[in-house]
Amino acid sequence: MNAQSPLPPQSPSKPQRDYSIFEDDIDTRRFDMRLIWRLTHWIGPYRRQFALAILLVIMAASFAVLAPVVVSRVVVDGILLPAASGHAPDFWQKALTGWLSARSGLEPLIVACGLYALWTTLWALFGHGFRITLAKAVLNGLRDLRRDVFAHLERLPSSFYDRVAVGRVMTRLTNDIETLLELLAGFGVLMGEFVPFFVAVTIMLALDIRLTFELLALLPLAALSTWLFRLASRNVYRNIRSTMSRLNENLQENLSGIEVVQLYGREKINYDSYTAINHENREGENRAVKLESYYGASMDSMSFLAMATIVWFGGHHVLGGTASLGSVILFAQFADMLFRPIVAMGEQWNVVFRAMASCERIFQALDWDEALKEPEHPVPLPADLKGRVEFRHLTFGYRADTTILKDVSFTIAPGERIAIVGPTGSGKTSLIRLLCRFYDVPKGSIFFDGIDIMDVKPSDIRQRIGVVLQDFHIFSGSVYDNIALGNPAITREAAERAAILVHADPFIRALPQGYDTVLTERGRNLSHGQRQLLAFARVLAMNPEVLILDEATASIDTETELVIQDALRKLTEGRTSVIIAHRLQTIREAHRIVVLTHGEIREIGTHAELIAKGGVYKTLYELQVQDLKA
């Protein structure tokens with residue numbers, strides 16, 4: 001492959017794209033309702049599920065407060081201390097208990113216990129239904145969002161991935177969407193806590209307004225405690241996330257390069273580096289544990305203070321005859337419902353602002369409009385494509401201020417085998433990347449059978465070109481899957497015929513399940529040479545009119561190369577072939593050789609002609625011969 005590190009082409013008339021936004025580690029952002037509103041595009045189709053979830057949480061909250069009402073107003077004020085029942089509302093629970101007792105003949109206390117068990121069971125069932133329904137709606141929406149982001153990322157051109165690290169892009173598809181799941185699930189938690197809160201406050205106001213306000217006076221203290229905790233813990237949690245990310249990165253880097261680590265004896269150095277990051281992470285976790293311990297203790301104290309308030313003021317109200325004992329007991333049971341939403345808000349505080357940052361990163365990726373030019377009226381390539389390729393005064397640079405190829409002009413006849421040679425950085429790989437339409441080229445620069453490739457859809461061009469690269473990529477799946485690549489036109493028989501032709505069939509059949517053998521990550525259960533043979537089978541199976549070999553045999557041993565030379569002759573016979581190679585055998589058998597230097601054509605001719613000419617090619621050839629002799 002060309003050592004030139006390509007950067008995306010920039011038109012002088014267009015502003016330079018700011019790719020740095022994909023490198024920024026955005027940790028938190030202010031709350032932005034526009035981002036939430038845009039997120040509803042993916043949540044909206046499941047609004048019925050959200051509406052059902054809201055109905056279920058309201059029902060669950062109602063039963064959650066009815067159960068304590070039965071204990072306090074029915075059992076205590078109605079059965080155990082009927083004389084002190086007062087006139088506080090019981091939400092028809094006493095009447096229901098009396099009616100059921102009369103109809104069943106059971107004691108009112110037994111009926112009240114049955115009602116309590118019923119309301120508690122319904123509370124649990126409706127709460128479970130709420131959580132399941134909400135989770136399904138959220139997961140469905142995020143599934144659609146993840147699908148749309150993935151589809152958009154697949155459509156981005158090579159120029160985008162030349163400038164943006166793949167790991168940064170993957171973060172948007174994995175971690176950021178996972179953070180959105182935490183956000184939407186957190187909203188569900190808040191909904192599940194605040195609905196019972198408001199129902200409980202409503203009932204408490206109906207029972208005793210003065211005691212309710214005396215108890216609510218403690219809420220600002222709880223809110224202040226939560227706010228101070230989140231303020232103190234924000235940087236701590238940010239540091240924990242940062243160190244954990246560095247730990248994972250360090251671990252992945254060292255394990256993936258374990259052979260180099262062991263060859264150069266870096267175990268101690270890498271261990272010390274990992275230990276230092278691990279120590280920093282531990283310190284952060286310890287600080288977080290301490291803060292959470294202090295916060296938990298303060299909230300426990302707040303609950304005890306609330307109970308003391310209820311006992312003190314409620315006791316005085318009972319002794320003064322302004323409240324019943326059951327009402328005070330009910331207040332004590334509701335106290336937890338008052339403080340849980342405050343705690344939940346504290347827990348969701350950082351999640352919300354992290355999710356804002358995740359939303360921004362996701363929409364940055366979705367809004368990135370870089371794309372190859374698509375012709376307004378695309379010209380279809382003929383079914384009987386001859387494979388004639390023409391380069392007409394092609395000048396190209398990946399940036400407006402650089403030029404990689406300079407006034408390149410030559411024609412490849414149908415069925416001709418062309419070898420492109422030149423020193424590193426001469427533009428060889430750039431030339432074939434343009435031919436495969438991975439970048440936009442000046443109109444009138446490259447033609448297929450006389451058709452300007454800028455008038456053809458890029459996908460149509462790539463269906464007619466077969467490419468074999470030095471770094472052959474193996475996908476998850478079987479050997480057959482990696483030959484056919486999901487193309488229904490490539491049957492099992494066609495894949496096997498292609499493998500037989502390139503001499504890949506013997507090693508494939510020697511695998512445990514033959515063509516059904518599942519290949520490991522990046523095909524590690526195959527040798528490099530076997531992976532290259534598989535690449536030839538993949539290209540042959542698609543039967544392209546134009547064939548490109550980019551250093552395709554550079555990593556194959558001499559014996560294996562001799563085996564596939566016959567297959568290469570059959571593969572290239574009758575096909576226009578463009579070959580970038582350093583192997584002598586491949587260069588000698590080319591019909592013509594194009595010599596590139598600094599992006600310019602220096603020589604064109606056969607092997608014999610260029611040797612006789614005594615120019616650049618002869619120098620490159622003699623250097624290679626000397627290397628082989630050495």
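The expected span of a helix is 1.5 Å times one less than its number of residues. Helix α11 (residues 267–319) can be judged by that rule: its 53 residues should span 78 Å, and its end C-alpha atoms lie 76 Å apart, which agrees. Gly 321 follows α11 and has a positive phi, near 80 degrees.

The model is predicted, so that local features need pLDDT of at least 70 and side-chain atom pairs count only at pLDDT 80 or more, whereas totals for chains, interfaces and linings use all residues. Residues are numbered from 1 along each chain as its sequence is written, and side-chain values use heavy atoms, with hydrogens and water left out.

**Overall composition**

The protein holds 22 helices and 12 strands; these are DSSP runs numbered from the N terminus, helices being H or I of at least four residues and strands E of at least two. Of its 630 residues, 46% count as buried, meaning under 20% relative accessible area, with exposed over 50% and partly exposed in between (1.4 Å probe, protein chains only). The accessible surface is about 32200 Å², and 60% of this belongs to carbon and sulfur atoms; areas come from the Shrake-Rupley method with a 1.4 Å probe. Of the contacts (heavy atoms within 4.5 Å) between residues at least 6 apart in sequence, 77% join residues at least 24 apart.

**The open sheet**

An open sheet with mixed pairing is formed by 6 strands in the order β6-β9-β10-β3-β11-β12. Its edge strands, β6 (465–469) and β12 (600–605), each pair on one side only; two strands pair if DSSP finds at least two bridges between them. From one strand to the next, the twist averages 15 degrees. Strands β3 (residues 417–421) and β11 (residues 592–597) run parallel and are joined by 4 bridges, and Ile 420 stands opposite Val 594 in β11.

Axes are lines fitted to C-alpha atoms, for helices over the stretch in contact, and angles run from 0 to 180 degrees between N-to-C directions.

| Helix | Strands contacted | Angle |
|---|---|---|
| α13 (residues 428–435) | β3, β6, β9 (546–550), β10 (576–580) and β11 | about 150 degrees with β10 |

**Cysteines**

The structure holds 0 disulfides, a disulfide being a pair of cysteine sulfur atoms within 2.5 Å. Cys 113 is partly exposed, because its relative accessible area is 46%, whereas Cys 359 counts as buried because its relative accessibility is 0%.
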